[in-house]
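The following note sets out points for a colleague who has the model at hand.

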Amino acid sequence: MGRAVLRAIAALCLLAPAACGGTPGPVPQRAGPATLQVLIGSSGAAETRAVTDAAAGWSAASGNQVTVIPAQDLDQQLGQAFAGSSPPDVFYVDAARFADFASVGALEPYAEQLPGARDFYGTLRQAFTYQGRFYCAPKDFATLALQINEDLWAKAGLSAADVPRDWAQLTAVAERIAATGVTPLVLGDTQERIGAFLVQAGGWLISPDGTRATADSPQNLTALRYVQQLLRAGLARYPSALDTGWAGEAFGRGLAAMTIEGNWIRGALAGDYPGIRYTVHALPTGPAGPGTLSFTTCWGISARTPYRAQAVAFVEAMTAVDQQLAFASAYGVMPSVTTARDRYLRASPGDRAFLDGADHAQGPVNAPRMGNVLSDFDTQLQRLTVADPQAILRRLQRYMTAALRG
């Protein structure tokens, strides 16, 4: 979310706390049929159609009315809605921005009251927990995994037995690939990709309760030094070094034998590079064991909605197993509840590596006011080949600590 948007929300809460769910008291609730406004950040026509159809089905069954609004710019439209004291009743909230909303009282903390609250993957529950309260239901999720180009793999004389299980094996196969004149690994140049190595080394950027910066740690230093070694040896390259916009493009064009991306790459490759043959595997483990990153969005409910009960009922319907599986079929997401796991894998066996990652996935930094801090960290990571990893982590530690102090 843009800093200007957050400033608008924060200023509104300071001047008129009731707009963000604070004093003077609870919002009067309306009984009977509701008219809900639902703002979504749609990934495309398939998601918009799926959510709209699901909402229409719930409306017909419940007697309520739902208007689904696909945002052109979700962050901007939410900021304007909150600043104008007219937020939608239900809206998508990205895990990376969740704490910004929760910290100013903009969200209703309803999720623990859902009948299936304990069915959500633990890592996803944590992503939407702030100061000990589970706020909003994860609607779906993605994790990172390793993609391997089968043709380039075979060209390097590698087989299924050579799929790297740890960092040492990753380095070894990368050296064999590099000898064929092909870039071994194309890796996104931000903490949303490189962060997986931090987790594998036993580190992360913030404490589990979101109160203390942990960036400047030996574990994180080990991870950045390893990635730096790959980059300096030409065993890994950023997408820009291959004149591409993102790792999926470089991988799809056959410019690299491996990449690390989420399950969204499946649709991107099918649409843009249908001829590529590739397999998906768990990320190699690091010194501390397996680790990946998760990306998720929740169904946020405004703290100022007069239709709380109806909004919660809507979210309960949207996160039911059958409905989540329908969404998965419609636009390629993974259900956020463990009870859908087996049925999902029967329909999408190729996603096993992604789904298995849920058990050891790390969600985004769960603290407010981190947008600019993490953007600066990304800028530093883009210079990792020539920069001092220790200096990068100390800078991040300093900036995160300042942000946590407000």
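**Notes on a predicted model**

1. Strand β3 (residues 90–94) is largely enclosed by the rest of the structure, because 4 of its 5 residues are buried. The threshold applied for "buried" is a relative accessible area under 20%. The model is a predicted one, and the points below should be read accordingly.

2. Strand β3 has a parallel partner in strand β1 (residues 35–40), to which it is joined by 2 bridges. Within this pairing, Val-38 has Val-90 of β3 as its bridge partner.

3. Strand β3 also pairs with strand β11 (residues 292–301); here the sense is antiparallel and 5 bridges are found. Phe-91 is placed opposite Gly-300 of β11.

4. Which elements give two or more residues to the lining of the largest pocket? The pocket in question has a volume of about 720 Å³. Its lining comprises 25 residues, and those closest to its centre are Gly-41, Ser-43, Asp-94, Asp-140 and Thr-297. The elements concerned are β3, β6 (137–149), α11 (265–272) and β11.

5. Strand β6 makes the greatest contribution to the lining of the largest pocket, namely 4 residues. Sorted by class, that lining consists of 10 nonpolar, 8 polar and 7 charged residues.

6. The second largest pocket holds about 460 Å³ of space. Of its 25 lining residues, Ser-207, Pro-208, Asp-209, Gly-210 and Asn-366 lie nearest the centre. Two or more lining residues come from each of α5 (122–127), β4 (129–130) and β12 (361–362).

7. Helix α5 supplies the largest share of the lining of the second largest pocket, with 3 residues. By class, this lining divides into 10 nonpolar, 12 polar and 3 charged residues. For the largest pocket, the corresponding figures are 10 nonpolar, 8 polar and 7 charged.

8. The residues lining the largest cavity are Ala-96, Arg-97, Asp-100, Val-365, Ala-367, Met-370, Gly-371 and Leu-374. In terms of class, 5 of these are nonpolar, 1 is polar and 2 are charged.

Conventions: Residues numbered from 1 in each chain as written. Predicted model: local features only at pLDDT ≥ 70, side-chain atom pairs only at ≥ 80, totals over all residues. Heavy atoms only, no water. Buried < 20%, exposed > 50% of the residue type's maximum accessible area, 1.4 Å probe, protein only. Pairing = 2+ DSSP bridges. 1 Å grid on protein atoms, 1.4 Å probe; cavity = no way out; pocket = protein on both sides within 12 Å on 5 of 7 lines; lining within 4 Å. Nonpolar A, V, L, I, M, F, W, Y, C, P; charged D, E, K, R; others polar. Points joined across faces, edges and corners; volume = space filled by probe spheres on them.
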